[in-house]
There are 2 protein chains.
Amino acid sequence: MQLTRAADYALRGMIFLARQDSLKYTRISEIADNEKVPEKFMRKLIHILNQKGYLESVRGKNGGIRLGRDPDKLSILDIVEAVEGPMALNLCLKEPSECDLKDICSMCSVWSEAQIALMAVLRKYSLTDMANDTTRKVV
Amino acid sequence: MQLTRAADYALRGMIFLARQDSLKYTRISEIADNEKVPEKFMRKLIHILNQKGYLESVRGKNGGIRLGRDPDKLSILDIVEAVEGPMALNLCLKEPSECDLKDICSMCSVWSEAQIALMAVLRKYSLTDMANDTTRKVV
């Protein structure tokens, strides 16, 4: 049970942007460099986050991206789910009606309880919280 | 972020065994059939759980497996970790010293908090709890 690389990298990128001037457009290559993420992978994730409305982008020589939402209003969970899809710790939580053990399996309620606990933590912190973390040095 | 098929199947098998007479040896094919798990996959998982000391096995015509521990003392978390290894929601929790962002990343403490919340739920329920679940029909 582990976070995907995609969600980890997307979070790094969004927290980096939350630390920039909100009006400034940042080049994707700069984000990728700073966050030690392969640029090609970062471009794919930016595309997903852009489609979700979490980013604004400008093309061209001085183009780049910036946050499209107030970072106070974007939680860690929002970013994880934008990239991984709706949280489902086990397949039975994704499509309960399609689980062929639904009438005989007792685990579904435990996965549900575990997922609620996990999501509560990830929903509690915003991009602003993470960007302001004092343990993070200014690059 | 999703449970592996291996951990899901291992749990199904262990809960099935927790519902049997504690002295009886059950054939792996019977567990696989009942829990709708491919038999070859179930055999691999049984091997891992056996090595961990969670099972006892007897070879031969009337052979099979049974629980090697009191099901009251085996939690859901024990089974998940036996198969997936120690819980680490993100790689940075697995090898903190090897994270090349450890000096500049603020996410580690959030992953840690989320993981503690998740593990607390999975540690709370034993195989006995799951075996006795009244929603589970006797096959």
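**Reading a two-chain predicted model**

Tutor: Welcome! Residues are numbered from 1 along each chain as its sequence is written, and chains are lettered from A and ligands numbered from 1 in the order in which they are written.

Student: How many residues does the contact take from chain B and from chain A?

Tutor: Two residues are in contact if their C-beta atoms, placed from the backbone, lie within 7 Å. Here the contact takes 34 residues from chain B and 34 residues from chain A. On the side of chain B that touches chain A, α6(B) gives the most, with 7 residues. Helices (H or I, at least four residues) and strands (E, at least two) are DSSP runs, numbered from the N terminus.

Student: Why do the copies meet through the same surface?

Tutor: 100% of the interface residues of chain B are also interface residues in chain A, so the copies meet through the same surface.

Student: Which residues of α3(B) are buried?

Tutor: A residue is buried if 20 or more other C-beta atoms lie within 10 Å of its own, exposed if 12 or fewer, and partly exposed in between, with C-beta atoms placed from the backbone. In α3(B), the buried ones are B:Met42, B:Leu45, B:Ile46 and B:Leu49. Down the helix axis they fall within an arc of 105 degrees, so they line one face of α3(B); the arc is that of the directions from the helix axis to the C-beta atoms. They pack against α1, α2, β1 (55–58), β2 (64–67) and α4 of chain B. The face turned away from this buried side carries the exposed residues B:Lys40 and B:Gln51.

Student: What is there to notice about phi at A:Lys36?

Tutor: Most residues other than glycine have a negative phi. A:Lys36 is not a glycine, yet has a positive phi of about 55 degrees. A:Lys36 is found in the loop between α2 (28–35) and α3 (39–51) of chain A, and is exposed, with 12 other C-beta atoms within 10 Å.

Technical notes. This is a predicted model: local features need pLDDT of at least 70, side-chain atom pairs count only at pLDDT 80 or more; totals for chains, interfaces and linings use all residues.
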